[in-house]
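Student: Hi! Could you walk me through this structure?

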Amino acid sequence: SEMCIRDMYRMRRVTAAFSAALAVSLALTAYFVRTSMTIRENYRQALRNQSRYLAAESLDRLEDGDRITAILLALEALPEEGDARPLVPEAEYALGCGVRAYATEDSDLVAVGALTPDGHPMEVMTSEHGDRVCIRDNLGFFTIWETEQFQCIQTIKPQRASDKFLFTRDGVLLVWNWQGIDCYDGESGALLWTREIETDAVFAQPNTDELLVYGGDGQKDQALFLLDPDNGETLRRFEIPLIDGEERQPDCYGSLSAFSEDGSRLALEVVGDDYRYYVLVYDLTEGAGRYMEQGFQYLSSLCFTASGDVAAVGILEWSNGSSGLLYDYTNLNLSRYDALCMSAETGRSLWNCELEYYQVSYGVEIFQLPDSRTLLCTASNVCWMLDLQTGEVVGRCETPASIVAAVPGETSARLVLRDGSVGFYYYEENRSTSKPVLVDELASVRVTEDAEGWLTYFTLQRYGNQVLVYRGNAMDAVSYTHLTL
């Protein structure tokens, strides 16, 4: 009847209203989904454009020679795990260009690995042939790495807080401070032994496992102690003589030392009461030591010569020199160093050679060359060859950047420069070559050589958080494009 008709019309209106609302809601849903997809696609397109821009900027920086920034820009252009950033081929290409920028077809050096400790690496030491590497970081940890797969095999947190350590040829870690010395097994990380002895410096005798400690045992004055490497017990004590005119034993920081070729004599840097540096040559066979007569205001490097005498380079007396300021706020000083050869038997100076150079960065080393007739001295970006008998400069050349490390060979010395270049100094021709091979801005480099003559470079960047590893062939078996400087 009339009531039913009204109910029917009411239901039709409700159904129509519901259908209209549903249609509007579906339309709005479709609109929002479409809008969301458009926004997402626009965002991805913006990231894609940003990645392409970063990749292009990376290539531009690489053209300008800023390799590190170029690599960082290329990495920023690549997506990370779980990142919405799309992968663009331009970013991969830019990263490849940055990584391979220093690689050339005739390059004998190849990047083979990278060691990344948890903290910032501060110092690197290697075993005898570089198969084990120990890294000290700024967190106080020591990490031991193997160099086949470049894996960390052990992390050691010493019970003694110290930045003084020694990594021996068989992979044993020694950590010490003024209270004592601890010995750890590099493979298992176990504490092998500990010794409560005042320790200033620790030396490992070449070709043996024996340890020498400069310090005190609380009974007498400072002395050299020969320790048993198995338990740290004292095998022999060597008394340290007094410097003429002084009443107490000198201090030894262990920063400079050298063993003779047969390991029977040790030359080490000590500091007297007048704050001058002296060279003490100790005969471990006879148990007696002698000071070289010449003292230094600053001592940079020392070594034993082929004749058994001691060569050292340092500053005898402070002198005024000209200085300036470079564009990067680096002090440029005209410096003078003195290279001396001193008789290990009498302590007297045999000759003195004054060396002048502009000191852009510190780093002075002296080596005995294999010919047994000449010495090689490097300072900043200059190499000198000195006649062993007279001290006369028989060769001198300059490199494009400061020398971080030098490895003398039979006919040439391989040079590693701060800008990442590697080259040679050819003795006979008195010239050097170099080309960029390693990473930029090196802080330090440790080079090891295995039994077959292969060299492994462990490079610590100036601002990096990795130790980068490079490997190359025997250093006298390659030829570089010659660049006479």
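Student: Great. What should I know before we start?

Tutor: This is a predicted model, where local features need pLDDT of at least 70 and side-chain atom pairs count only at pLDDT 80 or more, while totals for chains, interfaces and linings use all residues. Residues are numbered from 1 along each chain as its sequence is written, and side-chain values use heavy atoms, with hydrogens and water left out.

Student: How many bridges join strand 6 to strand 7?

Tutor: There are 4, and the two strands run antiparallel, with strand 7 covering residues 172-177. Look for Lys164, which stands opposite Trp176 in strand 7.

Student: New topic. Which residues touch the most other members in the largest nonpolar core?

Tutor: That core has 24 residues, and those with the most contacts to other members are Cys134, Phe165, Leu173, Leu174, Ile181, Trp193 and Val202. Strands 4 (142-146), 6, 7, 8 (180-185), 11 (211-216) and 12 (223-227) each supply at least two of the core's residues. Strand 7 gives the most, with 5 residues. A nonpolar core is a set of buried Ala, Val, Leu, Ile, Met, Phe, Trp, Tyr and Cys residues joined through side-chain atoms within 4.5 Å. Buried means under 20% relative accessible area, exposed means over 50%, and partly exposed is in between (1.4 Å probe, protein chains only).

Student: What about nonpolar side chains on the surface? Which ones form a patch?

Tutor: Val24, Leu28, Tyr31 and Phe32 do, with about 430 Å² of accessible area together. Patches are made of residues with over 30% relative accessible area and no salt bridge, where like charges are joined within 9 Å and nonpolar side chains (Val, Leu, Ile, Met, Phe, Trp, Tyr) within 5 Å. The areas come from the Shrake-Rupley method with a 1.4 Å probe, and for residues only the protein chains shown count as cover. Phe32 sits in helix 1 (residues 2-63), and it counts as exposed because its relative accessibility is 53%.

Student: How many salt bridges are there?

Tutor: The count comes to 17 salt bridges, each being a side-chain nitrogen of Lys or Arg within 4 Å of a carboxyl oxygen of Asp or Glu. In one of them, the side chains of Arg136 and Glu123 meet at 3.6 Å, N to O. Arg136 lies in strand 3 (residues 132-137) and Glu123 in strand 2 (residues 121-126), so this pair ties together parts that are 13 residues apart in sequence.

Student: Is Arg136 buried or exposed?

Tutor: Buried, because its relative accessibility is 14%. Glu123 is partly exposed at 27%.

Student: Which pair links parts 55 residues apart?

Tutor: Arg348 and Glu293, whose closest N and O atoms are 3.9 Å apart. Arg348 is in the loop between strand 21 (331-342) and strand 22 (349-359), and Glu293 is in the loop between strand 17 (288-291) and strand 18 (298-304). Arg348 is exposed at 55% relative accessibility, and Glu293 is exposed at 54%. There is also a network of salt bridges linking Arg160, Asp182 and Glu196.

Methods:
Pairing = 2+ DSSP bridges.
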